[in-house]
Amino acid sequence: MSKNKKRILILPGDGIGPEVSVVAKKLLVLLDQKYSLDLEVSEGLLGGIAYDQTGDPLPKETLDKAKENEAILLGAVGGPKWDQISSEKRPEKGLLGMRSEFDFFANLRPAILSKELVSASTLKEEKVADLDLLIVRELTGGIYFGEPRGKVKGSEEVLNTMRYSKDEITRIGRVAFEAARKRSGKLCSVDKANVLEVSSFWRNTISDLSHEYPEVELSHMLVDNAAMQLVREPKQFDVIVTENLFGDILSDIAAMLTGSIGMLPSASLNDTNKGLYEPVHGSAPDIAGKDLANPLASILSVAMMMRYTFEEEKVALAIEQAVESVLALGQRTQDIAGKKDEVIGTIEMGQLVLKEIESN
Ligand code: NAD
């Protein structure tokens, strides 16, 4: 293994994961040739497929491989096939385990509406045109990980625990303030401080941190209001920072503003900029294996990888511009197609983006 290589592990996973990952892999091969990036790409098992083959949704071999790579590209995990197995062995556990193993605490979810897709949004054009917001979601704490959890012995009771330490809030806060500083200078912190003690601690900690970022205008919003405001007037937001569960829900709302969840990439970073990159969507069992999945979220996840882990801004922009150009040509997968549009499949959409990059 060469030291200077940029090492990427692809974990295709389940459902449409393998279909969109094939496209992403071809893209990485092309980028390597065109920009002499010196990439080393390998593959591994995660999720339901890993459970089927090894009995574990996150096999040790995958973890070992992941340690050797600077970037991990995930397809998606999960599906009805594994819905009945114990919660410890479910595909999603593999993904949560990966996030916590490498401390990928900062989840960046941009929601950018392509000029070409204004009509694909369920909201009126004037509400969403030029939408460009970033949700910074805390990913390794909160109720998804808090202990104790599970069934209370000898009772008919089940519990989960929401907890956050000051350090956990401060480090995600810093990521958000830094992002806001580079963008419009506006940051909205979302919580449920009127009801939850954890949230009022979150609010106080973010407020204290704001003194280090006087150029950023900080506001706070309760999560129920934030959900409503995202649909009512989404362009009032630029950067939103929030805890794990609230971020999960709000980012899916933001996803729909852009027309389709099939368009949205995400990055999960740790302190060393090692990153887990994945589309926001899941394994979409309803369309898996039919060449119907939109591969653009996966393609744009590669762009985020180039930007954040490998600091190859030029390559990231080339990918994003290629996606815009293909959309401008009117090419649409079924999830973003209007009534009159001709629909293309996963493979063809991937080929068109690659061709665009090749010819520029
Ligand atoms: P989903 O995102 O898989 O699908 C929601 C809807 O969006 C479906 O109608 C689907 O067809 C559509 N869709 C999703 N991605 C698309 C794409 N690329 N192109 C076109 N249409 C697309 O969410 P779900 O149905 O709630 O979950 C299905 C499975 O995925 C579950 O097992 C869930 O646990 C899992 N899941 C995994 C992840 C992940 O791997 N990060 C995230 C969310 C859900």
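## Two domains

The C-alpha centres of domain 1 and domain 2 are 25 Å apart. Domain 1 covers 1–110 + 264–360 and domain 2 covers 132–257, with bounds taken from an automatic or database domain assignment.

The model is predicted: local features need pLDDT of at least 70, side-chain atom pairs count only at pLDDT 80 or more, and totals for chains, interfaces and linings use all residues. Residues are numbered from 1 along each chain as its sequence is written, and side-chain values use heavy atoms, with hydrogens and water left out.

## Area and contacts

Between domain 1 and domain 2, about 1400 Å² is buried, and carbon and sulfur atoms give 63% of that area. Buried area is the accessible area (1.4 Å probe) that two parts lose on being put together, summed over both. Of the area that domain 1 buries against domain 2, Phe105, Asn107 and Arg109 supply 43%, more than any other three residues.

In contact (heavy atoms within 4.5 Å) are 15 residues of domain 1 and 15 residues of domain 2.

## Charge and elements

One salt bridge is counted between domain 1 and domain 2; the term means a side-chain nitrogen of Lys or Arg within 4 Å of a carboxyl oxygen of Asp or Glu. The side chains of Asp103 and Arg171 form a salt bridge at 2.9 Å, N to O.

On the side of domain 1 that touches domain 2, helix 4 (91–101) and strand 4 (106–112) are the elements that give two or more residues. Helices (H or I, at least four residues) and strands (E, at least two) are DSSP runs, numbered from the N terminus. Strand 4 gives the most to this side, with five residues.
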